[in-house]
Amino acid sequence: MSGDMRFLETKADNHWPNAVWAWEFLRRNHNYIKAFWEHQATTPKMFEFERGSRMIVGEDRYEQARQWGLLFFANPKLSAYQAGVFWKPSVFPGTIPVTLRDASREASRERHAKMSACDRVILSSLWCRRLIFESINQSRHVILAPHKYWIQLYCDSAHPLDDNALISFRIDGAEHAEKRIESVRQLLKLHRSSGRKLSSISYRRGSEKLSAAITALDVANKGGTYRDIAGALFGKSQVNESWSGGHSPLKQKARRALERGRKYRDGKYLELLS
């Protein structure tokens, strides 16, 4: 059954980037799931470059997906890292505007300018999941997604056909400059790590509440009660000790967790991206 959400039981990770939190709530939205299955036939296909990047080529404008903040419908059965979740740059202001140039052609010019190899940020050399989406108007979007980061790039100019691309950053305008500068910092950490373990980033404040909200949604989706939600959040033994006649401070916490989950699932997830 296409509306079956039992597969969504996912253990939330407080280290998730905001873009992943947003997807975890959206993929639990019944209306989104229904819309995905209705438009499944138009989902773009994926292939892989020799250097390991995956490429998705858009053959439509996917206007219905844009209503959800996405560039195209991603499969709600899959995690953000598996599904290829591309947020619209307009709803994800941390997206970095970039230019992408052929790295081989630029090499001689950079040698003449005495730039060292560490100065060159090459897309195909970044040690992480690399997913590229080329829209029907030939703009290129890139997701770089190691475990603790979610970095999205946007190029609306001419670019190489493959992933051997030299990345140049553009911080256009002041409105979202701070968010984009932070994304550039993350990208430079990724570039300099060269495959080594990345240092931890600061976790989102309130991630414990988001985690509890995800758990509450999944328990309620299976027909669970507030007591079941409390048991999943705090442990059955603690619930048994404090639950009396259906009244318990834990019940109120379970209720708030479910209310929070429903709000994020039904649209507030976009606030996590802004």
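Student: How do the residues lining the largest cavity divide by class?
Tutor: This model is predicted: local features need pLDDT of at least 70, side-chain atom pairs count only at pLDDT 80 or more, and totals for chains, interfaces and linings use all residues. Numbering starts from 1 along each chain as its sequence is written, and side-chain values use heavy atoms, without hydrogens and water. Ala, Val, Leu, Ile, Met, Phe, Trp, Tyr, Cys and Pro count as nonpolar, Asp, Glu, Lys and Arg as charged, and the others, Gly among them, as polar. The lining comes to six nonpolar, no polar and three charged.

Student: Which residues line the largest cavity?
Tutor: On a 1 Å grid over the protein atoms alone, a cavity is a set of points where a 1.4 Å probe fits but cannot get out; a pocket is an open set with protein on both sides within 12 Å along at least five of seven lines; lining residues have an atom within 4 Å of a point. The lining is Arg-54, Ala-80, Tyr-81, Arg-129, Arg-130, Leu-131, Ile-143, Ala-145 and Trp-150.

Student: Which elements give two or more residues to the lining of the largest cavity?
Tutor: Helices (H or I, at least four residues) and strands (E, at least two) are DSSP runs, numbered from the N terminus. The two-or-more contributors are helix H4 (80-83) and strand S4 (130-134).

Student: What is the volume of the largest cavity?
Tutor: Grid points are joined across faces, edges and corners, and a volume is the space filled by probe spheres set on the points. One cavity of 30 Å³ or more is counted. The largest has a volume of about 60 Å³.

Student: Is Pro-76 buried or exposed?
Tutor: Pro-76 lies in the loop between helix H3 (63-66) and H4. Buried means under 20% relative accessible area, exposed over 50%, partly exposed in between (1.4 Å probe, protein chains only). At a relative accessible area of 0%, Pro-76 is therefore buried.

Student: How are H8 and H10 oriented to each other?
Tutor: Axes are lines fitted to C-alpha atoms, for helices over the stretch in contact, and angles run from 0 to 180 degrees between N-to-C directions. The axes of helix H8 (residues 226-234) and helix H10 (residues 249-265) come within 8 Å and cross at roughly 95°. Under 35 degrees counts as roughly parallel, over 145 as roughly antiparallel, 65 to 115 as roughly perpendicular and the rest as oblique. H8 and H10 are therefore roughly perpendicular.

Student: Which residues of H7 meet H10?
Tutor: The axes of helix H7 (residues 207-221) and H10 come within 7 Å and cross at roughly 90°. Contact means heavy atoms within 4.5 Å. On the H10 side are Ala-257, Leu-258, Arg-260, Gly-261, Arg-262, Tyr-264 and Arg-265. On the H7 side are Lys-209, Leu-210, Ala-212, Ala-213, Ala-216, Leu-217 and Ala-220.

Student: Which elements give two or more residues to the lining of the second largest pocket?
Tutor: About 210 Å³ of space lies in this pocket. Its lining includes Glu-208, Phe-234 and Arg-256. By class, the lining has five nonpolar, one polar and five charged residues. The elements are H7, H8 and H10.

Student: How far apart are the C-alpha atoms of His-247 and Arg-227?
Tutor: His-247 is found in the loop between helix H9 (236-242) and H10. His-247 is exposed, with a relative accessible area of 61%. Arg-227 is 20 residues away along the chain, and the C-alpha separation is 9.6 Å.
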